[in-house]
Amino acid sequence: MISDDLTGALSLSLIDFILSFVFIAGIGAILYLFPYINKLGEIKEEDKY
Amino acid sequence: MIDFGELMEAMLMQTGLMAISVGNIIMIIIGAIMLYLGIGKKYEPFLLVGIGLACIVTNIPGSGLAEAGGLFHYAYQGVELLILPPLIFLGVGAMTDFGPMIANPSLVILGAAAHLGIFIALLGAKLLGFSLAEACSIGIIGGADGPMAIYTTMQLAPHLLPQISVAAYSYMALMPLIQPPVMKFLTTKKERQIIMKQPRYVSRLEKVVFPIIIIVIVNLFLPPVAPLITMLMLGNLLRECLLLDRMAETVSNSLLNVITLILTVAIGSTMKAENFLTEQTLLIILLGLLAFVFGTASGVICARIMNKLSGGKINPLIGSAGIASVPIAARVSHIVGQEENKNNFLIMHAMGPNLAGVFGTAISGGIMLALLGH
């Protein structure tokens, strides 16, 4: 898929670095919504099995 | 009549003494230094004792423990079949509180920013003549995540496992020495003194939902690293659901200890003189250092930019924690912060980027594996 030379290494690095930011930003965006989960209910700490 | 001289000579020939090479002796000394650092200097004894001892035993000719059929050889099968790294992650997940990461989503980006070192080392390795698969494995050292480095290397360049795992774990142990000079060089005294706002409270429900969502995302978008992250999140779910305390306790203590022992012995058993004492090893160790330095630097620079954008609310020292290596890197941020201001407790703030760094490394590794067709 990617050539085994310096151009290939450079392309792979660029794609990987940019996609890593996209994925991490996606996880960050989902985490921004997490406080809303609390509107669904709660788990009490004393509910231990 | 028995010729005692001949008998002694025959016995001597059966020992490893006659087959020992200079390379074996050098590796035995390296193993002994690892044991000294682990036991004498208390640098990561959990890792260095197993690796050091197995390195010594493996380089004694005739011991046979690392040969096919030997006990260390079977330990190595756990690495080769990619069973041990996910089990390590299971234990790590069960002992980790992801609350600091959930509490401050904006800092999650540092988990990607602090991985520039991966790509600097990758390009450096390619320039030095390594194949692309080898260069990717070397680059992942900069992810500062031992199991992930092993996992990626075993799929891309298994012959480099001893050098890469030793470099990754050694630099992780040496982070308190490597990171502070870079962090201080790239920040001002005033920035290092910034006290950050207390993160919000994260409910139990959020902590239970988090691993489930991450498992779905990773299995959907990053299947090459799904075994690692799924096990990390399974371990975390055992911890957070409050119903499986005994299981969480077992995987985070007994199981993790056993797996770590087997893994370290397996890594040490690959450190044979003929594989390890090469020019490649020296280059990999230098590239690994480069990866750690650039990763630390890029994390701190990104945190500085975020600090400017937030109006001075983010201490740039937490940026270096994005490199992963939980919780060592977060602890380094905290210690460097305390050197400037005794009342500054950065550990909880640094844990967010630090935990995000685990995902950052996994994402980078997953993309590499996908792009290289694994």
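How many salt bridges does the structure hold over all chains? The structure holds 9, a salt bridge being a side-chain nitrogen of Lys or Arg within 4 Å of a carboxyl oxygen of Asp or Glu.

## Basis of the model

This is a predicted model, in which local features need pLDDT of at least 70 and side-chain atom pairs count only at pLDDT 80 or more, while totals for chains, interfaces and linings use all residues. Residues are numbered from 1 along each chain as its sequence is written, chains are lettered from A and ligands numbered from 1 in the order in which they are written, and side-chain values use heavy atoms, with hydrogens and water left out.

## Interface between chains A and B

The contact (heavy atoms within 4.5 Å) involves 37 residues of chain A and 46 residues of chain B. About 3600 Å² is buried between the two chains, 79% of it on carbon and sulfur atoms; buried area is the accessible area (1.4 Å probe) that two parts lose on being put together, summed over both. Of the area that chain A buries against chain B, 17% is supplied by Phe23(A), Ile24(A) and Phe34(A), more than by any other three residues.

Between chain A and chain B there is 1 salt bridge. Asp4(A) and Lys126(B) form a salt bridge, with 2.7 Å between the closest N and O atoms. On the side of chain A that touches chain B, the elements giving two or more residues are helix H1 (6-32) and helix H2 (34-37) of chain A. H1(A) gives the largest share of that side, 20 residues. Helices (H or I, at least four residues) and strands (E, at least two) are DSSP runs, numbered from the N terminus. By class, the residues of this side of chain A are 22 nonpolar, 7 polar and 8 charged; Ala, Val, Leu, Ile, Met, Phe, Trp, Tyr, Cys and Pro count as nonpolar, Asp, Glu, Lys and Arg as charged, and the others, Gly among them, as polar.

## Annotated spans and helices of chain B

An unreviewed UniProt entry annotates residues 17-39, 46-62, 107-125, 168-187, 208-234, 254-271, 283-306 and 355-373 of chain B as "transmembrane region". UniProt positions are given in the numbering used here, feature names are shortened, and annotations may be inferred rather than shown by experiment. Residues 283-306 of chain B are 100% helix and 0% strand, with 34 Å between the end C-alpha atoms. Residues 355-373 of chain B are 89% helix and 0% strand, and the end C-alpha atoms are 27 Å apart.

Helix H10 (residues 146-156) of chain B has 11 of its 11 residues buried, so it is largely enclosed by the rest of the structure. Buried means under 20% relative accessible area, exposed over 50%, partly exposed in between (1.4 Å probe, protein chains only). Among the buried residues of H10(B) are Met148(B), Tyr151(B) and Gln155(B).

## Two residues of helix H20

Ser364(B) is in helix H20 (residues 347-371) of chain B. Ser364(B) is buried, at 0% relative accessibility. The side chains of Ser364(B) and Ser20(A) make a polar contact of 3.2 Å. Leaving out residues up to four places away in sequence, Ser364(B) touches Asp16(A), Ser20(A), Ile118(B), Phe119(B) and Ile140(B).

Gly357(B) is also found in helix H20 of chain B and is buried, with a relative accessible area of 0%. Beyond residues up to four places away in sequence, Gly357(B) touches Gly111(B), His115(B), Gly322(B) and Ala324(B).

## Salt bridges within chain B

Glu339(B) and Lys184(B) form a salt bridge through their side chains (2.8 Å, N to O). This pair links distant parts of the chain, 155 residues apart: Glu339(B) is in helix H19 (residues 328-340) and Lys184(B) in helix H12 (residues 175-185) of chain B. Glu339(B) is partly exposed at 49% relative accessibility, and Lys184(B) is partly exposed at 34%.

A salt bridge also joins the side chains of Glu191(B) and Arg304(B) (3.1 Å, N to O). Glu191(B) lies in helix H13 (residues 189-192) and Arg304(B) in helix H18 (residues 279-309) of chain B, so the pair ties together parts that are 113 residues apart in sequence. Glu191(B) is buried, with a relative accessible area of 6%, whereas Arg304(B) is partly exposed at 27%.

Notes
A polar contact is a pair of N or O atoms within 3.5 Å; within protein, one must be able to donate a hydrogen and the other to accept it, and residues adjacent in sequence count only if both atoms are side-chain atoms.
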